[in-house]
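Please look over the sequence and the model below.

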Number of protein chains: 2
Amino acid sequence: MTRTLDALDDRLAAADADAYCIEAGSDDSNQLYLSGFDAPDPFLTAYTGEELAVLVSGLEYGRARKESHADTVARLSTYDYADRADEEGRATALAGVYADFLADLGVESALVPERFPVGIADGLREAGIAVEVDRDDVVESVRATKTDEELEAVRRATDANEAAMAAAEDLIAAADVADDGTLVIEEDGEETPLTSERVKEEIEVTLLRHGCALDETIVACGADAADPHDRGSGPLEAGESVIVDIFPREKASKYHSDMTRTFAKGGASDTVAEWFELTEEALSAALEAVEPGATGAEVHAAACDVYEEAGHPTLRSDPDTETGFIHSTGHGVGLDVHERPGLNPRGEELEPGQVITVEPGLYDPEVGGVRIEDIVIVTEDGYENLTADYPVELVVE
Amino acid sequence: MTRTLDALDDRLAAADADAYCIEAGSDDSNQLYLSGFDAPDPFLTAYTGEELAVLVSGLEYGRARKESHADTVARLSTYDYADRADEEGRATALAGVYADFLADLGVESALVPERFPVGIADGLREAGIAVEVDRDDVVESVRATKTDEELEAVRRATDANEAAMAAAEDLIAAADVADDGTLVIEEDGEETPLTSERVKEEIEVTLLRHGCALDETIVACGADAADPHDRGSGPLEAGESVIVDIFPREKASKYHSDMTRTFAKGGASDTVAEWFELTEEALSAALEAVEPGATGAEVHAAACDVYEEAGHPTLRSDPDTETGFIHSTGHGVGLDVHERPGLNPRGEELEPGQVITVEPGLYDPEVGGVRIEDIVIVTEDGYENLTADYPVELVVE
């Protein structure tokens, strides 16, 4: 697969707009993807179908010419930004400079993403440029289908992720169980509690050594694990489920991976063991549903079916439930760790070249949490499971 | 100092608006500060002066009630978000739900930051809620003055930062110089090049071990160092200036620190040595200008004076220059690594409790780059330099 902006061209034509405009730093993945320019502070990208143009600060000008995808690179000083900021204030001056830049490109109407800054949009409108909102985020749709190069980046991030997961599992395996049931390890000749924080540190150091960074990791034990967004804290306990969910970003490429395993040191309660088996079943059922032409909604339904048949609530059977299967079945992964396509009730048709996670789970503060997450590439005839080789085993001795 | 939203109350009164609204995830520092809620996906915060209310997804509801500053926590399902999203599409449904939530709070007019999403703003306007843009980012102004607790977090991040800087310096000190002038180190019994990437890894691992994370680090040598935004790559060379700029975030508090030193292994060229001395002078001059009531513009001017008197171009003497002193003198540091107040031509009056960097530098691709950056707290009678104890020394033997 090679990168194509055909869908963006079509959207521009349908909206009868002269350009698609993004104003953001490269922390906005649509900006990074469209401009190809990695810069921390917001800058303007305008894509007319024939031309990709960026407007950046003087500090970024040289690098933008070397590194961005842009055909045209302009800088703020060409439009007297500094003087205008002194006179009109920063925000008004910036919108004015953007309007002049777009006028130079012959742009009279702009299609912008939903999260385009309203301050800039209002300024452009005042300057006579029509601004219409693209309510369906066409650039994120374009990003969903990966090129071979992008898939290679996800594969590398996945290799690093498996190394980090193994480091976490090894640390739990090496721990002893204290009299009060908490896990302890020997470090620098002293026995210290094995905490969520300590396991996360090991994960993060391993990822760094493999060229990856990450903002957050989840190592959540017991009641913490019952909240899918709880990052976890404090000592880990034997016999309780420990959810380890790691979602690193390869530094060089900025592409992510994402995987989850659930461990129980020394054994698990019957309930947790049963949940784990059921979740493995839900994972298999959801994976079996993955193929081009199937919808994300169908994959999600396959996981819900397994849980509901076993008597567990899901968001499908009870939208307000706080226990059971209380999130979607998965999501796309790329420049963002959560992106299209979604495996949820509104999930659209899957296409070859998409990267998705499949991650069913069960949660209840009285029991804990269980989640198993693989990451797969949608292929012409099904899927390729990138994390298939990492064992799915609950009990760590 | 304790947290006060007086400036926000005043701004609301001046704009005659019923509420200040932010729609963003906690990666937006204004959102994190105002709501006190750390959640990755966008949510709505509305501050009416009397009440702070947040509207979140069901997945975040329990945690928002426990962890946020909000007096009122509501969830999307109360406003039938899922059904509406099925019928109207996600973006339209969300704006409709927000409009109903604001109506329940009695809000008919909203003041929003410049970067509030235009898609939501347009939706609120269609629903009859007036949306006005706060062009001066009042929440960032409020954030500029730190409480004692916030200052403690910056101090801890600074301690971690000094440890990381020492790790980088030690690695450069321990290196040998190969026949071609590149630095080499012995690792696992083998001689390998000492690269920017290797030094960054050491910095990042040290920061992780100290409870800090970071997105990026700069270890830039030679011509790389001449571009203040170049992160640096490849083998380091003896005799060339190496800029090491580290800006970690303490994970628990999310507050940053920021410092820079420039090293030259084994000695430096006369030009680099002269630049270093001049930059130390510019640093001292700028620091001397820091006190409550002085403006950021005055501090910046003090650094420009030193460089211009020595014959170097600055952005003040030549707005288009690509060599010399080509950035501002510093910036506020807090939840964002770059925030108010700015030490630049438009910099406003400094106030006690603000945290700022002071970071003059000189750049030229023919020579390399030199930058020295300390981080200081503005006090009642001047400033406290948090990085004063870390030596300012160019040559590493």
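**Backbone, symmetry and charge**

B:P341 is part of strand 16 of chain B, where strands (E, at least two residues) and helices (H or I, at least four) are DSSP runs numbered from the N terminus. The peptide bond that leads from B:R340 into B:P341 is cis, with omega near 0°. In chain A, a cis peptide bond joins A:R340 and A:P341, and omega is about 0°. A:P341 lies in strand 16 of chain A, residues 339-343.

The model is predicted, so local features need pLDDT of at least 70 and side-chain atom pairs count only at pLDDT 80 or more, while totals for chains, interfaces and linings use all residues. Residues are numbered from 1 along each chain as its sequence is written, chains are lettered from A and ligands numbered from 1 in the order in which they are written, and side-chain values use heavy atoms, with hydrogens and water left out.

Another backbone feature is found at A:D16, a residue other than glycine with a positive phi, near 55°. A:D16 sits in the loop between helix 1 (6-15) and strand 1 (19-24) of chain A.

How are the two chains related? Two copies of a chain are related by a rotation about an axis and a shift along it.

Side chains of opposite charge can pair when their charged atoms come close. Over all chains the structure holds 62 salt bridges, each a side-chain nitrogen of Lys or Arg within 4 Å of a carboxyl oxygen of Asp or Glu. One of them is formed by the side chains of B:R346 and A:D86, at 3.7 Å from N to O. B:R346 lies in the loop between strand 16 (339-343) and strand 17 (355-358) of chain B, and A:D86 in helix 4 (residues 81-88) of chain A, so this pair joins two chains.
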